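Welcome, and get your selection tool ready. We will walk from one stop to the next in the viewer.

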Protein chains: 2
Amino acid sequence: MQIEEYIPNLSLDCVVFGYSERSLKVLISRNKFGKKNWELLGGYIRKTESVEKAAARVLQERTGLKKVYLEQFRVFGNENRIIGSRNKNVLKEALRKYDPRRFNKEVVDWMTDRFVCIGFYALLDINRVVLKNGEFDEYLEWRSIDAVPEMIYDHNEILETGLASLREHLDSKLIAFNLLPETFTMRDLQALYEAVYERPFAMNNFQKKMLSLGVLERLEKKYTGAQNKAPYLYRFKGR
Amino acid sequence: MQIEEYIPNLSLDCVVFGYSERSLKVLISRNKFGKKNWELLGGYIRKTESVEKAAARVLQERTGLKKVYLEQFRVFGNENRIIGSRNKNVLKEALRKYDPRRFNKEVVDWMTDRFVCIGFYALLDINRVVLKNGEFDEYLEWRSIDAVPEMIYDHNEILETGLASLREHLDSKLIAFNLLPETFTMRDLQALYEAVYERPFAMNNFQKKMLSLGVLERLEKKYTGAQNKAPYLYRFKGR
């Protein structure tokens with residue numbers, strides 16, 4: 001990593017959401033350093049790329065996916081972020097041991113200085129992901145949102161804030177379809193909402209509310225001759 | 001300005017909204033430089049202060065107000081912001097002429113490098129504001145949102161995005177009360193919504209919707225003895 005290629009003091013972290021087996025999951029990294037060594041997927045911003053392209057690059061490097069739904073949700077700009085953290089010295093030590101020639105004092109000081117962090121959340125299809133470790137990842141892992149370990153710095157707060165933002169936007173930005181196959185039943189959609197909000201929804205009210213949004217297209221049932229008990233399939237109009 | 005006190009390549013701009021005479025207004029600066037010399041109120045972030053404190057400081061310097069409702073709404077992080085702009089060279093020239101000793105090559109290069117900009121919007125009570133020019137302001141002015149001139153860089157886009165965010169959050173974050181006196185009539189509230197959204201609302205529907213939010217408290221009318229035709233007064237419960 002050539003620090004002069006990157007904007008100093010500015011980083012990004014991605015809260016990467018995926019959905020499988022009726023559970024909302026988040027992708028986290030177990031890094032090679034320290035004890036509490038879980039973290040979100042983050043990176044720096046090249047001087048020659050936009051903030052959005054930097055987030056897409058960070059995700060593509062770890063998931064292989066080129067087109068991912070990405071949304072900024074907040075800047076974490078406390079003056080004590082990282083420089084006031086115990087994790088900082090652990091990281092300094094670890095980087096020097098890892099490769100003392102590349103991670104000399106100048107580089108390590110740059111990496112453990114104050115960073116203002118831009119938070120993004122991403123929604124992606126777990127089945128299409130091919131995980132690939134970044135240089136500092138021991139391994140990457142999908143965790144259910146109710147089973148996320150303690151992470152470094154303020155990463156748990158970043159995750160919680162990203163989850164709150166996802167919930168806030170699930171209706172209005174019509175982003176649920178990024179987590180569903182092209183066609184789905186009303187029960188599938190309800191299961192997704194229940195996973196995201198971590199609470200049950202009443203079936204009748206849920207169906208009424210979803211239909212009132214005006215974004216679902218109901219597909220014709222194929223007439224099979226027999227009494228047709230299969231549920232209706234829907235798809236998003238904008239898809 | 002001592003550039004070493006600030007985080008490089010990171011700035012903030014505030015879309016400062018006020019409300020008076022049934023019109024939504026935004027506070028802009030006519031700066032001392034160049035031709036298209038209107039801009040939003042912006043500044044840099046000290047290495048020792050949080051991003052939020054920096055925004056509050058920038059506002060306090062120009063309005064005298066200490067406690068202002070401030071909300072981050074987006075980061076503007078295009079790789080060509082400022083460094084790809086014609087305004088950049090105008091600013092370079094003007095700064096050198098303005099004070100060649102203070103604005104030497106190093107300082108001017110720092111100020112006209114790429115900047116990632118954090119957008120905030122602010123809501124404040126126009127009547128409490130005492131405007132005070134910053135060093136580069138020729139003067140500050142309140143403009144109705146339908147009469148904002150062309151501004152430098154991407155400041156018109158920042159304004160539009162901030163306005164969209166204000167509209168999106170007007171119900172859910174209950175921020176309207178920052179723009180109203182403590183007690184108000186339903187017509188006052190409707191006039192505010194009409195100013196923010198720049199469109200009329202139907203009276204009956206509007207009242208129904210506002211009451212359904214469950215955040216308004218209706219005050220008792222004083223019994224005057226005469227037939228009481230004065231409209232009800234309301235206030236926000238959370239206030």
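Which side chain does Glu79(A) meet in a salt bridge? Select Lys53(B): the two side chains pair there at 2.9 Å, N to O (a salt bridge is a side-chain nitrogen of Lys or Arg within 4 Å of a carboxyl oxygen of Asp or Glu). The rule finds four salt bridges across the interface of chain B and chain A.

A word on conventions: this is a predicted model, where local features need pLDDT of at least 70 and side-chain atom pairs count only at pLDDT 80 or more, while totals for chains, interfaces and linings use all residues. Residues are numbered from 1 along each chain as its sequence is written, chains are lettered from A and ligands numbered from 1 in the order in which they are written, and side-chain values use heavy atoms, with hydrogens and water left out.

Next, show the whole interface, where 24 residues of chain B are in contact with 24 residues of chain A (contact means heavy atoms within 4.5 Å). Now pick out Val75(B), Glu79(B) and Arg114(B): in chain B these lose the most area to chain A, together 26% of what that side buries (buried area is the accessible area, with a 1.4 Å probe, that two parts lose on being put together, summed over both).

Colour the chain B side by class to see eight nonpolar, seven polar and nine charged residues (Ala, Val, Leu, Ile, Met, Phe, Trp, Tyr, Cys and Pro count as nonpolar, Asp, Glu, Lys and Arg as charged, and the others, Gly among them, as polar).
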